[in-house]
Amino acid sequence: MPMMVYITTSMNAKARRALGIARQCVAAERIMVLPHFTRRMDKRGLVWPEVLVVLDDPEDVRDGGLDHFDRPKWIVSGTAADGLGIEFVCVLDKDEHGNITVFITID
């Protein structure tokens, strides 16, 4: 399923770039979803398409500093199709094949 690409004008250039990288990683299936993220999704009754809705059209993307491995951490928030507010944390990384986005946690 192709992702729609919306650019939120209130984001700064760094946040827009990070969002673009995360979207590209998802489209190319260059992601890692940590078990904690999955457990939190299950606990809240969320499914992956709800995460994609927020990634497609976030209300906010903000810099979360660096994680424990000095990777850029981003906090993405928005509203899923059913009106549920979602906020998740992901980090941008690279491996021998290029960019990869790691989904850490979701609330």
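This is a predicted model: local features need pLDDT of at least 70, side-chain atom pairs count only at pLDDT 80 or more; totals for chains, interfaces and linings use all residues.

Q: Let's start with Arg62. Which residue does Glu87 pair with, and how far apart are the closest N and O atoms?

A: Glu87 forms a salt bridge with Arg62. Their closest N and O atoms are 3.0 Å apart.

Q: Where do the two sit?

A: Glu87 is in strand S4, residues 85-95, and Arg62 is in strand S2, residues 60-66. The pair therefore ties together parts that are 25 residues apart in sequence.

Q: What about Asp60 and Arg62?

A: Those two form a salt bridge as well. Here the closest N and O atoms are 3.4 Å apart.

Q: What links Asp60, Arg62 and Glu87?

A: A network of salt bridges links these residues.

Q: How accessible is each one?

A: Arg62 has 32% relative accessibility, so it counts as partly exposed. Asp60 is partly exposed too, at 30%. Glu87 is partly exposed, with a relative accessible area of 31%.

Q: New topic. Which residue does Asp67 pair with?

A: Asp67 forms a salt bridge with Arg71. The closest N and O atoms are 2.6 Å apart.

Q: Is Asp67 buried or exposed?

A: Asp67 counts as buried, at 13% relative accessibility.

Q: And Arg71, buried or exposed?

A: Arg71 is at 15% relative accessibility. Buried means under 20%, so Arg71 counts as buried.

Definitions and conventions:
Residues are numbered from 1 along each chain as its sequence is written. Side-chain values use heavy atoms; hydrogens and water are left out. A salt bridge is a side-chain nitrogen of Lys or Arg within 4 Å of a carboxyl oxygen of Asp or Glu. Buried means under 20% relative accessible area, exposed over 50%, partly exposed in between (1.4 Å probe, protein chains only). Helices (H or I, at least four residues) and strands (E, at least two) are DSSP runs, numbered from the N terminus.
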